[in-house]
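Please look through the sequence and the three-dimensional structure shown here, and then follow the explanation below one residue at a time.

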Amino acid sequence: LKLTGLDVVFTDCDNVFLRDPFQPGISLGDLIRSQKYDYLYLCELAKRPPDGYKAPGDGGNTGFFYAGSRKPVHMQALFAEVISVGRIKIKERGSGADQPIF
């Protein structure tokens, strides 16, 4: 982000898109193009949320997120904090996948 100025969409290799997630009319593409958001993430939910659902903002699925490049210092600080907390959790609980640690 900081070096290239590019926006990034990160997805685990086991995610499958049935159609283009960036095309107009698809919520992810529309949210990114609106340039209102610097960070978008997939909620970790057991089932589809009801229409109008508002995420509490206290977590997300690390297997899918978008990070915008408009505020690279803020994004870098966010990722540095996530890594720092992850290291603390690993030290407290031992090693493991990211989901059980957070």
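**From a buried aspartate to a group of rings**

Asp-38 is buried, with a relative accessible area of 17%, where buried means under 20% relative accessible area, exposed means over 50% and partly exposed lies in between, with a 1.4 Å probe and protein chains only. The model is a predicted one, in which local features need pLDDT of at least 70 and side-chain atom pairs count only at pLDDT 80 or more, while totals for chains, interfaces and linings use all residues. Residues are numbered from 1 along each chain as its sequence is written, and side-chain values use heavy atoms, with hydrogens and water left out.

Asp-38 sits in the loop between α1 (27-33) and β2; helices (H or I, at least four residues) and strands (E, at least two) are DSSP runs, numbered from the N terminus. Leaving aside residues up to four places away in sequence, Asp-38 touches Tyr-66, Ala-67, Gly-68, Arg-70, Lys-71 and Met-75, a contact being heavy atoms within 4.5 Å. The side chain of Asp-38 makes a polar contact of 3.0 Å with that of Arg-70 and another of 3.4 Å with that of Lys-71. A polar contact is a pair of N or O atoms within 3.5 Å; within protein, one must be able to donate a hydrogen and the other to accept it, and residues adjacent in sequence count only if both atoms are side-chain atoms.

How many aromatic pairs does a search of the whole structure find? The search finds five, where rings of Phe, Tyr and Trp (its six-membered ring) pair if their centres lie within 6.5 Å, and planes under 30 degrees apart count as stacked, over 60 as edge-to-face and the rest as tilted. Tyr-39 and Phe-65 form a tilted pair, 5.9 Å centre to centre and with 45° between the planes. Because Tyr-39 lies in strand β2 (residues 39-42) and Phe-65 in strand β3 (residues 61-67), this pair ties together parts that are 26 residues apart in sequence. Tyr-39 counts as partly exposed at 33% relative accessibility, whereas Phe-65 is buried, with a relative accessible area of 14%.

Phe-65 also forms a tilted pair with Phe-79, at 5.7 Å centre to centre and 50° between the planes. This second pair links distant parts of the chain, with Phe-65 in strand β3 and Phe-79 in helix α2, 14 residues apart. Phe-79 is partly exposed, at 26% relative accessibility. Ring pairs link Phe-10, Tyr-39, Tyr-41, Phe-65 and Phe-79 into a cluster.
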